[in-house]
Amino acid sequence: MPVSPDKDPYYRLRHSAAHVMAEAVLEEFPEGKIAIGPPIEDGFYYDFDLPRTLTPEDLAAIEARMRRIIGEHHAFVYHEVSAEAARALFASQPYKLELIDGLAHGLDEYGETHHGDTVISTYTHDTFEDLCRGPHLAHTGEIPADGFKLLSLAGAYWRGDSARPMLQRIYGTAWNSKAELDAYLFRLEEAKRRDHRKLGKELGLFYFSDDIGPGLPLFTPKGELLRHTMESFVRQTQTRYGYQHVWTGHMVKESLYHKSGHYENYSDVMFPPMEDEGVAYRLKPMNCPSHMTLFKEMGVHSYRELPLRFAEFATLYRYEPTGTLSGLTRVRSLTQDDCHVFCTEDQIQAEFSLALQLIREVLAAYQMSDYRVQLSLPAAEGKFVRDDEKWGKAIAALKLALEANGVAYEAVEGEAAFYGPKADFMAKDALGREWQLSTIQIDFIQPARLQVEYIGEDGQAHTPVLIHRAVTGSTERFLGVIIEHFAGAFPAWLAPVQAAVIPISDEKHGAYGREVKQKLEAAGLRAELDESKDRMQAKIRRAQLQKVPYMLIVGGKEQEAGAVAVRLRSGEDLGAMPIEAFIARAQADIAALV
């Protein structure tokens, strides 16, 4: 995503590097056509229409040209031009001409309405001139010649439209020093090593199949056990916090979504309708209308019953474009740890505090304590239910709850749900990457649309406030995040296999290995016995590659002593200990982690 010049300290550097790269590419391909090239998080890109397909080998030649341009210290010069003059400047550049037509009509480079000034401006350095609002560095020499690198090539449709030309995109990164660049490149390599799509296969957790379809993961027994452990942990924790679990199925009449506002504001991510006897049904993309319907069907509710907290691990279905799907972190079938709290306005702050405490406890168990909160607000335009009074009350209530709990937040416009503002928890993983995980949302709109009511202390009907809450978001996305966060080496409480029993010789010690496995399982530990004919070291290596927390080697000495020789996946050798002593240690280790 493009970044903001007033929030990103690297904006000028990366924006300037993008222009230098574009000049270098046009030197290499004088007949080339240029599109757009913004700074993005951790780097920049530029889109080109070129006479031939670029290869990775081309990047080195482009980098060499960039270093020459940087060394010549060309000034970045700002100009304001009329639309007519701009068309003359870029007469041979069709993509720029389209942008100029848009700018002349108040649109930005992405085709969106631009709410600032409508001045058309360019920046020039050396022989290169580009449509640009800036800002830039003073001159090309301020780009460290050893602080940038071109990273990769990709295809990109012009303006994101699959009916428009496919362009070639070059991604790059730029930093203030070689040391910063090297640290970033190390993080990139580490991210590749931790990629959950790669580790998911290596650890035998999940697969995707063309026969099933894109964005629809298949989980193995180990993968399902991992899912079950994650969901059970949240279920047990939120039950302790007073949440009640419900079940509302996979399909809903389309008419319900017309009432709730989802059809008007969310139908673009719904799967097409199915019809039965003239009635249209939809696969559920969200749970909230179903939970509100359940609340109504349960009869007349008194204020004394509130707050009423409905939680559900429901599989939802969202029609995500194929090009946006990414492993488990963007799928079409997702299981959400969803909850809806029906409460009075006076109870909002207490319920927010409860949800906040729950989120903190769960994230701590996953060793995620570095996070910030984003207050997601509506934009002036976009898909939001228009009701200024209810939006005002919801935003004020959410701000008050955040401030009462001492939670610092950053307000961001355009990121709200269509029915209300959100407090989104943006957590950092082990590599410092930020993920939006938990959320707490205040909704004054949907309950009124669906005529959800309770009887107040005054004997009159009132509309409850609905608080939407998710702790880990979706099971699939969170699993993708934590696979990478832990590099597949899950904490012992979470690991699908907690202990691997490894007989030195299956023929001589296999029976004892089976006895050890049975004792571990009887104590509630998840154990696996390696009964292969491989040598002991190969078995140990296999368990290490599977990132099993404990490896228990059993041979003649251990069998005679009723013991196991314990090794950790880190390689540390704890030596021999009685089976009962190991079980006590493992149980204590696991209990300390959750």
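A salt bridge is a side-chain nitrogen of Lys or Arg within 4 Å of a carboxyl oxygen of Asp or Glu. In this predicted model, Glu27, Glu28, Arg65, Arg68 and Glu72 are linked in a network of such bridges. The model is predicted, so local features need pLDDT of at least 70 and side-chain atom pairs count only at pLDDT 80 or more, while totals for chains, interfaces and linings use all residues. Residues are numbered from 1 along each chain as its sequence is written, and side-chain values use heavy atoms, with hydrogens and water left out.

The C-alpha atoms fill a box of roughly 90 × 75 × 50 Å along the principal axes. The chain has 18 helices and 28 strands; these are DSSP runs numbered from the N terminus, with helices being H or I of at least four residues and strands E of at least two. Of the 594 residues, 51% count as buried. Buried means under 20% relative accessible area, exposed over 50%, and partly exposed in between, using a 1.4 Å probe and protein chains only. A contact means heavy atoms within 4.5 Å. Among contacts with a separation of 6 or more, 71% join residues 24 or more positions apart.

Now the charges. Side chains of opposite charge can pair when their charged atoms come close. The whole structure holds 40 salt bridges. One of them joins Arg227 to Glu476, with the closest N and O atoms 2.7 Å apart. Arg227 lies in helix H7 (residues 221-240) and Glu476 in helix H14 (residues 475-485), so the pair ties together parts that are 249 residues apart in sequence. Both Arg227 and Glu476 are buried.

Asp424 pairs with Lys422 at 3.4 Å between the closest N and O atoms. Asp424 is buried at 3% relative accessible area, and Lys422 is buried at 15%. Asp387 and Lys390 meet at 3.3 Å, N to O. Here Asp387 is partly exposed at 22%, and Lys390 is partly exposed at 27%.

Lys539, in helix H16 (residues 536-545), is another case. Lys539 is buried yet has no salt bridge. The nearest side chain of opposite charge, Asp530, is 4.7 Å away; Lys and Arg count as positive, Asp and Glu as negative, and His and the chain ends are not counted. What does the side chain of Lys539 reach at 3.0 Å? The backbone oxygen of Pro503. Leaving aside neighbours within four places in sequence, Lys539 contacts Ile502, Pro503, Asp506, Asp530, Ser532 and Asp534.

The structure contains 19 aromatic pairs. Rings of Phe, Tyr and Trp (its six-membered ring) pair if their centres lie within 6.5 Å; planes under 30 degrees apart are stacked, over 60 edge-to-face, and the rest tilted. The rings of Phe271 and Tyr319 have centres 5.0 Å apart and planes at 45°, so the pair is tilted. Phe271 is buried at 19%, whereas Tyr319 is partly exposed at 39%. Elsewhere, Phe233, Tyr366, Phe478 and Trp493 form one aromatic cluster.

Conventions:
Polar contact = N/O pair within 3.5 Å; in protein donor to acceptor, adjacent residues only side chain to side chain.
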